[in-house]
Amino acid sequence: MSLSNDTIQSKLTEKFGDVLTHWEEPYGLLTFTAPKEFNLKVLNFLYDDEELGFRFLTDLTGVHYPDRKGEELCVVYHLHNLISNVRVRMKVYTNIEQPDIYTATGLFSGANWMERETYDFYGVNFLGHPNLKRVLNVDEMDYFPMRKEFPLEDQTRIDKDDEMFGR
Amino acid sequence: MARPVRFNIKEKDTSNWGINMVEAPEGFTGEGFFSTSLDRVVGLARSKSLWPLPFATSCCGIEFMATMGSHYDLARFGSERVGFSPRQCDLLMVMGTIAKKMGPVVKQVYLQMAEPRWVMAVGACASSGGIFDTYSVLQGIDQVVPVDVYVPGCPPRPEAILDGFMKIQDLVHHESLRRRNGEKYKALLESYGIQ
């Protein structure tokens, strides 16, 4: 009795209705978008429901879409049902001016460092996180390096002549 | 077939082997005595017994391990003893990419070394950040500690590391004993926020 994507989708739609959007299955991985106020509700439902049982957070990361006005930052959750070996992906979008998202640390302890990393690189502010500070970069860093308005190259470098690199 | 015995019976002509014997320092020789200045003797002794401290973080460190091995044998240059405590070492060899988060560690290691101390940046990353021109990588360790010799290469061959090491020996050999007390040296350290 394996868990099919259709079952997951119908159970979620039954519970949350039209709130969940953008259903797709790239390479068979069920993907959907939730409003940011609903992220914990959906995660809790996926965790608690007997049949769904998504009790492992594989990954939590961010994406920056500079062209999407009002929903520039995206937080992606990858969940895994270890019994049926089924995965789902949930995306939550937020604007970049006030990137507040509820933390998933209450549900998954493993979200702690992943959320710190997402904060470190994208500046997503996880509300309720117990220790939201930089985890990989130097503490003195005053920007979020994976946001696309920041060039990848180190800006403190002065010995590189742009002419030589065709820029 | 008989084993050739040329090595035993003929005197070898070593003039073109490129072997350099250490010359005695300049001085005044007489019968039964030799006098020279102290810093020449000290320089000679120091340069032939440098204790390197390897700070190896990536592929250049692997090349250094080859340099330490029997084939290239850094011990020939008087560096038999690789120390792993900065307090005992004379030469900090930074080999590999130094992330910005590692920068304070390199500086701390440098501070723990006793004077006189020398620093060698091995490889493109330690010298300039190399290909890692990015937000997380220190663009050359000379941003945190003063560097005496840079060894280019990505990674440099053991011969290049040896060449850099010999450059260091040259610096050590000819360094004035007064240099470390001089104003210029103090200003150099000051520019790195040391002391």
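The model is a predicted one, so to speak of a local feature takes a pLDDT of at least 70 and to count a side-chain atom pair takes pLDDT 80 or more, while totals for chains, interfaces and linings use all residues. Residues are numbered from 1 along each chain as its sequence is written, and chains are lettered from A and ligands numbered from 1 in the order in which they are written.

Let's start with chain B on its own. Chain B holds 7 helices and 6 strands; here helices (H or I, at least four residues) and strands (E, at least two) are DSSP runs, numbered from the N terminus. Read from the N terminus, the order of elements is α-β-β-α-β-α-β-α-β-α-β-α-α. The C-alpha trace of chain B spans about 65 × 50 × 25 Å along its principal axes. Chain B has 195 residues, and 30% of them count as buried. A residue gets that label if 20 or more other C-beta atoms lie within 10 Å of its own; with 12 or fewer it is exposed, and in between it is partly exposed, with the C-beta atoms placed from the backbone. As for contacts (C-beta atoms, placed from the backbone, within 7 Å), take those in chain B with a separation of 6 or more: 76% of them join residues 24 or more positions apart.

Next comes the meeting of the two chains. Here 10 residues of chain B are in contact with 9 residues of chain A. On the chain B side, the residues that touch chain A split into 2 nonpolar, 5 polar and 3 charged. For this sorting, Ala, Val, Leu, Ile, Met, Phe, Trp, Tyr, Cys and Pro count as nonpolar, Asp, Glu, Lys and Arg as charged, and the others, Gly among them, as polar.

In chain B, the peptide bond from B:Glu115 to B:Pro116 is cis, with omega near -5°. B:Pro116 sits in the loop between helix 4 (103-112) and strand 5 (118-122). The bond from B:Cys154 to B:Pro155 is cis too, with omega near -10°, and B:Pro155 belongs to the loop between strand 6 (149-151) and helix 6 (158-174).

Over in chain A, A:His22 is not a glycine, yet its phi is positive, at about 50°. A:His22 is part of strand 1 (residues 21-24) and is exposed, with 10 other C-beta atoms within 10 Å. A:Tyr27, also not a glycine, has a positive phi of about 55°. A:Tyr27 lies in the loop between strand 1 and strand 2 (30-34) of chain A, and with 5 C-beta neighbours inside 10 Å it counts as exposed.

Key. Contact = placed C-beta atoms within 7 Å.
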